[in-house]
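Please look over the sequence and the structure before reading on.

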Amino acid sequence: MPVLVPRSLAEAVQMVSSEPSALLLAGGTDLLVETNSGHRTVDSVVALDRVPELRTWSSDRTARTVFVGSGVPYSELMRGELAALAPALAQASRTVGSPQIRHAGTLGGNLGTCSPAGDALPVLAALDAAVHLVSASGERVIPFSAFMVGVKRNARAPGEIISGVTLPVLDGWQGYSKVGVRNAMVIATASSCLAVDRSQRSVRVALGSVGPVILRCPEAEGFLARSADWERESVSDDIVSEFAQQCAAAARPIDDHRSTASYRRHAIGVMAARQARRAFPHG
Ligand SMILES: Cc1cc2nc3c(=O)[nH]c(=O)nc-3n(C[C@H](O)[C@H](O)[C@H](O)COP(=O)(O)OP(=O)(O)OC[C@H]3O[C@@H](n4cnc5c(N)ncnc54)[C@H](O)[C@@H]3O)c2cc1C
């Protein structure tokens, strides 16, 4: 089986365009599980881990955005300046797998797999991330909401490489919470990202593992944005409770081997209430 190892993004694009059926390999933490269990057959592989452009990030202070390369592993997302610019992404990264998985696993791999339980994805949805896809025809940039189209399905076309995501740098609290059957090494049975922006007085909420795609909660977002006291950064208990109910109502959970739909809905309400309290702490 040929394994191609490009050393630049241009070389990777050229290899993928001449072998559109080749599997793209980043950290391999999803792909190797799938191939070892026989769920995927592999004819050829393009290994992306030595493409420097994919492993870097940069910030634009004027535009107040951060570009994060798809090959940046969780171990980098969760620390340093990048963690300060995108705190919810750092928090989500800290919940992924074990140190080994966080060292190998990448943001691009989470996007490539596109599981509703992927921990980075509610953050990307809440932040309205833009996903960059490059191919021999150039680059296209699409919103995360158009990228994830179903359970483990995304809008990436054959021959395209996810090069990274652009995130806004918000002015306010943001965080990620996850419920699972254990405290560590666990796939989310329900997850939630809340991000507020004080200058725009906006609230964003995205839910994971409670629908076929990551779900935003526009009614709950509008309600909390209108009801919160932005000057004092406070909300009343009644508002928190109503907000939590609206988030829970936006979930579309199912019963499966990990949990029941009713527990998932309950967990969303609990996480939403806690996050609202953290975002507006002077209650
Ligand atoms: C023990 C264990 C624990 C785990 N725990 C968690 C967890 O807690 N939370 C969680 O979210 N996930 C978890 N995972 C899943 C996995 O670690 C993540 O989804 C991770 O982000 C995958 O990244 P990767 O770089 O390893 O991707 P890979 O396995 O290399 O690739 C995954 C998919 O994405 C595609 N792909 C990768 N990079 C690109 C690119 N640049 N462009 C286009 N397509 C691309 C691949 O072709 C493949 O289809 C766990 C996995 C294991 C084995």
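The model is predicted.

**The ligand and its shell**

The ligand is surrounded by 35 residues, and the closest of them are L24, T29, D30, Y74 and D119. Sorted by class, this shell comprises 16 nonpolar, 14 polar and five charged residues.

Several elements supply at least two residues each to the shell: strand 2 (23-25), helix 2 (31-36), helix 6 (99-104), helix 7 (107-113) and strand 10 (161-168). With five residues, helix 7 gives the most.

| Residue | Polar atom of the residue | Distance to a ligand oxygen atom |
|---|---|---|
| T29 | side chain | 2.6 Å |
| N110 | side chain | 2.9 Å |
| V186 | backbone | 3.3 Å |

Taken alone, the ligand exposes 980 Å², and the protein buries 90% of that area.

**Helix 11**

Helix 11 consists of 14 residues, 237-250. From its first C-alpha to its last, helix 11 reaches 20 Å, close to the 20 Å expected at 1.5 Å a residue.

Which residues of helix 11 are buried? They are I239, V240, F243, A244, Q246, C247 and A248. The cover over these buried residues includes two strands, strand 12 (190-197) and strand 13 (202-208). Helix 10 (218-227) and helix 12 (261-279) are also among the elements that cover them.

Note on methods:
Residues numbered from 1 in each chain as written. Predicted model: local features only at pLDDT ≥ 70, side-chain atom pairs only at ≥ 80, totals over all residues. Heavy atoms only, no water. Helix = DSSP H or I, 4+ residues; strand = E, 2+ residues; numbered from the N terminus. Expected span 1.5 Å × (residues − 1). Buried < 20%, exposed > 50% of the residue type's maximum accessible area, 1.4 Å probe, protein only. Contact = heavy atoms within 4.5 Å. Near = heavy atom within 4 Å. Polar contact = N/O pair within 3.5 Å; in protein donor to acceptor, adjacent residues only side chain to side chain. Areas by Shrake-Rupley, 256 points an atom, 1.4 Å probe, with all protein chains shown as cover. Nonpolar A, V, L, I, M, F, W, Y, C, P; charged D, E, K, R; others polar.
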